[in-house]
Amino acid sequence: MNDGDKTKEEIIRNWCLRKLANFITYVGLICTIGVPVLAFINPEQLWLMTVFAFFGGLSDFLDGRIADILKTKSLFGGTFDKLRDKVFVVPNLIILIWVYRWALKDLPTWLFTSTIILACSISFLELLLFVFAWIVAMKKIPIEANELGRIKMSFLFPVIILWL
């Protein structure tokens, strides 16, 4: 059966299935951007930030699995997923520290300093990894997500959600 034999509905259905994992990544990106935006607009809305962070984490879990099941992995999807991970981690660490700095002031000096250094180190490494991944993607060299990256993100998402 070639494309001429397919009905319009089948063509649309196939196109939607091919784009499903990327759509889930888009939703996750919107949710992850929502967390720092809400932190600036109204820091008291912790429940809504937690919901956004939860769905951002859930989308990270689902998009790769769906791409595997539907066999729709792509260089764009992998790079876009990495972008969403970095958008979740870096701004949220920086903004949450800034918005809730009043709570950090009560910590002992060594713990406060350690928290700031850790957040800055994680942010710098995440940005460096993203720049590297983007350069590699521009050269069209596929990089598969590895198990260590999945483990890292499976720890970072709950930590940020708990932090909220």
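These are my notebook entries on a predicted model of one protein chain.

**Ground rules.** I number residues from 1 along each chain as its sequence is written, and for side-chain values I use heavy atoms, leaving out hydrogens and water. Since this is a prediction, local features need pLDDT of at least 70 and side-chain atom pairs count only at pLDDT 80 or more, while totals for chains, interfaces and linings use all residues.

**Overall look.** I counted 6 helices and 0 strands, taking helices (H or I, at least four residues) and strands (E, at least two) as DSSP runs numbered from the N terminus. Of the 164 residues, 34% are buried; buried means under 20% relative accessible area, exposed over 50%, partly exposed in between (1.4 Å probe, protein chains only). I also looked up contacts (heavy atoms within 4.5 Å). Among those with a separation of 6 or more, 79% link residues 24 or more positions apart.

**Helix α5.** I checked the length of this one, residues 109–138. The expected span is 1.5 Å times one less than the number of residues. For 30 residues that should give 44 Å, and the end C-alpha atoms sit 43 Å apart, which agrees. Which residues of α5 are buried? I noted Ala 119, Ser 123, Glu 126, Phe 130, Ala 133, Val 136 and Ala 137.

Most residues other than glycine have a negative phi. Where is Lys 71? I found Lys 71 in the loop between α2 (46–70) and α3 (75–99). Lys 71 is exposed, at 73% relative accessible area.
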